[in-house]
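Here are my notes on the sheet and the helices packed beside it. Please read them with the structure open.

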Amino acid sequence: MLVRAPNPPDIVRLPVPTGLTAVVVHPALEIETARARAMLGDTVALADAIRQWANLGALVDGLHRGDFALIGRALEDTIAEPRRAALVPGLAAIKRAAADAGALGCGLSGSGPSIFALCSSPAVAGSVAAAMAAAVRSAIGGDPHTYVSAIASRGARATVGSGVR
């Protein structure tokens, strides 16, 4: 799902290529969202913004065409991650471990400390999850929580009794 505008909601459903699987590794690390948000600053260099918009367009196209190579190339954050990378010790090594294990791409999830990777299949995702968890243990320590999941083509939704309003 792509939220084009929040109010009123303008939500665009994006296709999910068969096999696309997400890995999320959450290290034993705490990051204050306010601190991470402050690291973003108030301005973005035009070249970084253009590159980010191009990556978003490429990601949407890659999803529509089921082009895993394009999806992987599009998973480059030129705005938030470079400014927040210092908050997650060893982030570059963790991303390298994911790539070496076969991830399409990998990045910091939101303000962190979670790190996500997209993979072409559940089997690859299992290898990527193990590699990322080992890299987290080496760089940060502790035992990270690791999640592997297919991406729901229906997207997020509220269900009756879920407490979501």
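Helix axes here are lines fitted to C-alpha atoms over the stretch in contact, and angles run from 0 to 180 degrees between N-to-C directions. Bear in mind that this is a predicted model.

1. Start with the helix pair. Helix α5 covers residues 91–100, and helix α6 covers residues 122–139. Their axes lie 8 Å apart, at an angle of about 155°. Angles over 145 degrees count as roughly antiparallel, so α5 and α6 are roughly antiparallel to each other. The crossing of α5 past α6 is right-handed.

2. Next, the contact itself. From α5 come Ala93, Ile94, Ala97 and Ala98. They meet Val128, Ala131, Met132, Ala135 and Val136 of α6. By class, the residues of this α5–α6 contact are nine nonpolar, no polar and no charged.

3. Now the sheet. Four strands form an open sheet in the order β4-β5-β3-β6, and the pairing is antiparallel. Which strands stand at the edges? They are β4 (105–108) and β6 (145–150). Each has a single partner strand, so one side of each is left without a neighbour in the sheet. On average, neighbouring strands are turned by 15° against each other, direction ignored.

4. Cys106 has Ala117 in β5 as its bridge partner.

5. Finally, the link between helix and sheet. α5 lies across both β4 and β5. The helix runs at about 155° to β4.

Technical notes. Residues are numbered from 1 along each chain as its sequence is written. This is a predicted model: local features need pLDDT of at least 70, side-chain atom pairs count only at pLDDT 80 or more; totals for chains, interfaces and linings use all residues. Side-chain values use heavy atoms; hydrogens and water are left out. Two strands pair if DSSP finds at least two bridges between them. Helices (H or I, at least four residues) and strands (E, at least two) are DSSP runs, numbered from the N terminus. Contact means heavy atoms within 4.5 Å. Angles under 35 degrees count as roughly parallel, over 145 as roughly antiparallel, 65 to 115 as roughly perpendicular and the rest as oblique. A crossing is left-handed if the near helix is turned anticlockwise from the far one by less than a right angle, and right-handed if clockwise. Ala, Val, Leu, Ile, Met, Phe, Trp, Tyr, Cys and Pro count as nonpolar, Asp, Glu, Lys and Arg as charged, and the others, Gly among them, as polar.
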